[in-house]
Amino acid sequence: MSTVSPQQLTEYVDEPRAERRIQVPKHPQWPPLSRAQKDELKGRIARLLVAQDAVLVAHYYTDADLQSLAEETGGFVADSLEMARFGSESPASTLVVCGVRFMGETAKIINPEKRVLMPDLAATCSLDEGCPADTFTAFCDRNPDRTVVVYANTSADVKARADWVVTSSIALPVVQHLHERGEKVLWAPDKYLGHYVERMTGADMLLWQGSCVVHEEFKGFALNRLRRLHPDAAVLVHPESPDEVVDQADLVGSTTQLIKAVNEMPNPEFIVATDEGIFWKMHQLAPRKTLIAAPTAGVGATCESCAHCPWMAMNALQNLEQVLLTGGREIHIDPKVRERAVLPIQRMLDFAREHGIGVKHDTD
Ligand code: SF4
């Protein structure tokens, strides 16, 4: 395994712990709404979507009401790769992205002619925040012999410096492909996913040291105890989790792959190590299965929300209606940055199409 030297760590890689520089927001407290109030609000939003030729694209980690509204109004609920693809296939002139900022930026990069709105532009991601474009560019410049592969959870500026953009659905086959061509990889920003891909493919990878504040909190020791209490449960793990959690998994995969597993595996119970927002879609597809959240840190935790992303939680029915009423909170990307950033994204989408990966609606 290639890792950065201590000097590089100080000079180029983000601070050893994300929380030293990244402000993790408190979990937003939206005023509670009754079922009737929610239904009324959803009805108003549905009418605004039609009036504005807009479609809702929501990530699996967002609130259940947003996910159901997306499906009820002809929108889409998916992981970030499928969100990007749906956005480009939809005839709507406005995309309303419920998720975090890099998802809105990706939608805008591949759909420059469309208006892209988000309920809250401050909804970011610790991986994106922990990989600033200037230090990342310097890091790449110091390693010109490596193919630069970045995870989708990065800013438009970082994508513009990359050769490939990947999501967790497609990271393994892309790096395997590069490895077979004899290419060495510079990987950013998630160190756990990078290490997992490195172990699985045997590729020569230089890893940026970013992490997700949600997945990093899943704990191996407590998971081991929980598994003993539920011997029939299958353990499903997102590869942004630490090695000691990944090593106990019956299946490691992207959000889409984990949802599919709940539907297809025969186990009656599942212990799930990813954001709990995913349970809505899992329940929808496999209502008889029991879902158990994998244990998080408790004492010593750095993510105050514990198994729920504090930035994803910034998306709510209330600010979704606001953005449709005001038209504010629109994503804009410098055209020069967009021109460069679209190339590695398009490379990923072409690769996915050629290899039949993450085909639309593969969770059904
Ligand atoms: S769950 Fe982690 S990787 Fe996903 S948006 Fe939140 S901070 Fe980023």
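## Terms and basis of the model

Two residues are in contact if their C-beta atoms, placed from the backbone, lie within 7 Å. Helices (H or I, at least four residues) and strands (E, at least two) are DSSP runs, numbered from the N terminus.

The structure is a predicted model, in which local features need pLDDT of at least 70 and side-chain atom pairs count only at pLDDT 80 or more, whereas totals for chains, interfaces and linings use all residues. Residue numbers start from 1 along each chain as its sequence is written.

## Overall composition

The chain has 16 helices and twelve strands. Of its 364 residues, 50% are buried; a residue is buried if 20 or more other C-beta atoms lie within 10 Å of its own, exposed if 12 or fewer, and partly exposed in between, with C-beta atoms placed from the backbone. Among contacts with a separation of 6 or more, 67% are between residues 24 or more positions apart.

## Helix 4 and its packing on helix 5

Helix 4 (residues 80-89) is largely enclosed by the rest of the structure, because seven of its ten residues are buried. The buried residues of helix 4 are Ser80, Leu81, Glu82, Met83, Ala84, Phe86 and Gly87. These residues pack against strand 1 (54-59), strand 2 (76-78), strand 3 (94-98), helix 5, helix 13 (255-264) and helix 16.

Helix 4 and helix 5 pack at an angle of about 35 degrees, and their axes are 9 Å apart. Axes are lines fitted to C-alpha atoms, for helices over the stretch in contact, and angles run from 0 to 180 degrees between N-to-C directions. The crossing of helix 4 past helix 5 is right-handed; a crossing is left-handed if the near helix is turned anticlockwise from the far one by less than a right angle, and right-handed if clockwise. On the helix 4 side the contact involves Ser80, Met83, Ala84, Gly87 and Ser88, which meet Met103, Thr106, Ala107 and Ile110 of helix 5. By class, this contact has five nonpolar, four polar and no charged residues. Ala, Val, Leu, Ile, Met, Phe, Trp, Tyr, Cys and Pro count as nonpolar, Asp, Glu, Lys and Arg as charged, and the others, Gly among them, as polar.

## Helix 5 against helix 16

The axes of helix 5 (residues 101-110) and helix 16 (residues 335-355) cross at roughly 100 degrees and come within 9 Å. The two helices, helix 5 and helix 16, are therefore roughly perpendicular to each other; angles under 35 degrees count as roughly parallel, over 145 as roughly antiparallel, 65 to 115 as roughly perpendicular and the rest as oblique. Thr106, Ile109 and Ile110 of helix 5 make the contact with Arg338, Ala341, Val342 and Ile345 of helix 16. The residues of this contact divide into five nonpolar, one polar and one charged.

Isoleucine 109 is buried, with 27 other C-beta atoms within 10 Å. Beyond four places in sequence, isoleucine 109 touches Ala156, Ile333, Arg338, Ala341, Val342 and Ile345. Its C-alpha atom is separated by 7.9 Å from that of alanine 156, 47 residues apart along the chain. Isoleucine 110, by contrast, is partly exposed, with 18 other C-beta atoms within 10 Å. Isoleucine 110 is in contact with Ala84, Gly87, Ser88, Val342 and Ile345, leaving aside neighbours within four places in sequence.

## Helix 2 against helix 15

Helix 2 (residues 35-51) and helix 15 (residues 317-326) pack at about 30 degrees, with axes 10 Å apart. Helix 2 and helix 15 are therefore roughly parallel to each other, and helix 2 passes helix 15 in a left-handed crossing. Helix 2 contributes Lys38, Leu41, Lys42, Arg44, Ile45 and Leu48 to the contact, and helix 15 contributes Leu317, Leu320, Glu321, Leu324 and Leu325. Seven of the contact residues are nonpolar, none polar and four charged.

## Ligand surroundings

Around the ligand there are 15 residues, of which Cys125, Ser126, Cys212, Val214 and Cys309 come nearest; a residue is near a molecule or strand if its C-beta atom, placed from the backbone, lies within 6 Å of it. The shell comprises ten nonpolar, three polar and two charged residues.

## Backbone features in loops

A cis peptide bond with omega of about -10 degrees joins alanine 188 and proline 189. Proline 189 lies in the loop between strand 7 (184-188) and helix 10 (191-201).

Aspartate 53, in the loop between helix 2 and strand 1, has a positive phi near 50 degrees. Aspartate 53 is exposed, with 12 other C-beta atoms within 10 Å. Arginine 329, in the loop between helix 15 and helix 16, has a positive phi near 55 degrees. Arginine 329 counts as partly exposed, with 18 C-beta neighbours inside 10 Å.
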